[in-house]
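Open your viewer and get ready to select residues by number. We will go from stop to stop, picking something out and looking at what is there.

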Amino acid sequence: MKLPSSDLIARLGFAPETRAIIINADDFGMCHAANTAITELLDSGHLDSATIMVPCAWAPGALAFAADRTDLDVGVHLVLTSEWTDYRWRPLTGTATSLVDEAGFFPALVRSVEEQADAGDVAAELAAQLRAARDAGVDVTHLDNHMGSVYGLATGRDFLGEALGLAAEHGLPFRLPRFVDGTEFAPEFQDAATRAAAGADALGVVIPDRTWTHPFPLANEGTDEEETYEQTRDGFIELLRAVPAGVTEIFLHPMVDGDELRAAVDFSAAKRGFERRLLTDPLVAATIAEERLVRVGWRALRDLQRG
């Protein structure tokens with residue numbers, strides 16, 4: 001299949017060779033550790049945006065913050081999975097649907113969502129999560145998806161029609177990469193990404209050129225070779241240096257590494273603390289400046305979509 005092209009950076013008013021980034025924090029509202037880190041990083045300008053997990057226990061605090069700070073770019077992190085062992089969350093639409101496991105929570109695995117979820121139930125739940133954010137007073141700037149559960153990555157059965165339909169209805173851009181030459185998707189997903197991007201274009205939904213991140217787990221956790229902060233930071237700097245022309249969203253999961261987070265998650269709490277730290281690291285800021293990366297926000301993409 002012919003590789004896609006993109007004029008997004010030009011449509012935003014930049015020269016074609018401009019390398020623009022959006023640094024986004026996922027999992028806002030998941031826990032107090034996430035809220036503390038993300039609010040301080042948004043306030044200090046070290047993040048360009050964040051997305052809220054509306055079904056989670058600490059979402060009310062994140063929603064209240066976002067409703068009070070409409071100058072900031074805050075979207076909805078659409079949730080269909082609940083991945084941790086001891087900390088779980090349920091659908092806003094209730095437990096009498098195809099979206100829950102035997103315990104009444106969202107399933108832990110994306111594969112389970114793809115195999116058992118009814119598309120109508122998915123559409124209703126995604127709409128309920130967006131509606132809850134808007135009802136709380138949040139000026140929602142964009143949508144994305146927790147764990148990629150709408151992409152069809154496990155079995156090929158996707159819910160992009162439901163997600164993109166919601167985005168189109170409300171004039172919101174959506175996290176969907178036009179190109180998969182980064183770190184989040186394997187190259188063999190390019191054909192699927194091209195088809196998905198065509199679907200977004202047909203609906204008028206603006207998507208970024210790329211969505212990048214760095215490895216979520218803490219490498220070699222619990223061993224003598226456990227990943228250090230410096231290794232995390234240096235890997236992130238390499239990622240920044242590799243950003244090509246166009247608009248690249250870089251998403252992270254910064255949180256406060258402490259007792260609460262370690263009680264909630266099964267692994268890699270230290271990595272979440274590293275991500276909080278690296279976003280304020282002078283070497284990261286220096287790299288962004290040296291590479292002449294332009295910081296943009298999702299609001300600019302929303303404004304473009306709404307004309």
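Select helix 3, residues 59–68, and then show what surrounds its buried residues: they pack against strand 1 (19–28), helix 2 (32–43), strand 2, strand 3 and helix 5 (119–135). Keep in mind as you look that this is a predicted model.

Which residues of helix 3 are buried? Colour Ala59, Ala62, Leu63, Phe65 and Ala66 to see them. Now look down the axis of helix 3: these buried residues fall within an arc of 160°, so they line one face of the helix. Next, pick Pro60 and Asp68, two exposed residues on the face of helix 3 turned away from its buried side.

**Next stop: helix 12**

Select residues 298–306, which make up helix 12. Its buried residues are Trp298, Arg299, Leu301, Arg302 and Gln305. Around the axis they cover an arc of only 160°, which puts them on the same side of helix 12. To see what covers these buried residues, show strand 1, strand 2 (49–52), strand 3 (73–78), helix 6 and strand 6 (246–252), which are among the covering elements.

**A glycine in strand 6**

Glycine 246 sits in strand 6. Is glycine 246 buried or exposed? With a relative accessible area of 4%, glycine 246 is buried. Leaving aside neighbours within four places in sequence, the residues in contact with glycine 246 are Ile9, Thr18, Arg19, Ala20 and Asp209.

**Two cysteines**

A disulfide is a covalent bond between the sulfur atoms of two cysteines. How many disulfides does a search of the whole structure find? The count is zero. For cysteine 31, the nearest cysteine sulfur is that of cysteine 56, 8.4 Å away. That distance is too far for a bond. Both residues are buried: cysteine 31 has a relative accessible area of 2%, and cysteine 56 has 4% relative accessibility.

Most residues other than glycine have a negative phi. Go to methionine 147, where phi is positive at about 65° although the residue is not a glycine. Methionine 147 lies in the loop between strand 4 (143–145) and helix 6, and is partly exposed, with a relative accessible area of 35%.

Then jump to serine 268, which also is not a glycine and has a positive phi, near 65°. Look for serine 268 in the loop between helix 9 (259–264) and helix 10 (269–278). At 1% relative accessibility, serine 268 is buried.

Finish at the second largest pocket, which holds about 240 Å³ of space. Select Tyr151, Leu160, Ala192, Ala193 and Ala196: of the 16 lining residues, these are the closest to the pocket's centre. Helix 6 (160–170) and helix 7 (190–203) are the elements that each give two or more residues to the lining. What kinds of residue make up the lining of this pocket? Colour them by type and you will find twelve nonpolar, three polar and one charged.

Notes:
Residues are numbered from 1 along each chain as its sequence is written. This is a predicted model: local features need pLDDT of at least 70, side-chain atom pairs count only at pLDDT 80 or more; totals for chains, interfaces and linings use all residues. Side-chain values use heavy atoms; hydrogens and water are left out. On a 1 Å grid over the protein atoms alone, a cavity is a set of points where a 1.4 Å probe fits but cannot get out, and a pocket is an open set with protein on both sides within 12 Å along at least five of seven lines; lining residues have an atom within 4 Å of a point. Grid points are joined across faces, edges and corners, and a volume is the space filled by probe spheres set on the points. Helices (H or I, at least four residues) and strands (E, at least two) are DSSP runs, numbered from the N terminus. Ala, Val, Leu, Ile, Met, Phe, Trp, Tyr, Cys and Pro count as nonpolar, Asp, Glu, Lys and Arg as charged, and the others, Gly among them, as polar. Buried means under 20% relative accessible area, exposed over 50%, partly exposed in between (1.4 Å probe, protein chains only). The arc is that of the directions from the helix axis to the C-beta atoms. Contact means heavy atoms within 4.5 Å. A disulfide is a pair of cysteine sulfur atoms within 2.5 Å.
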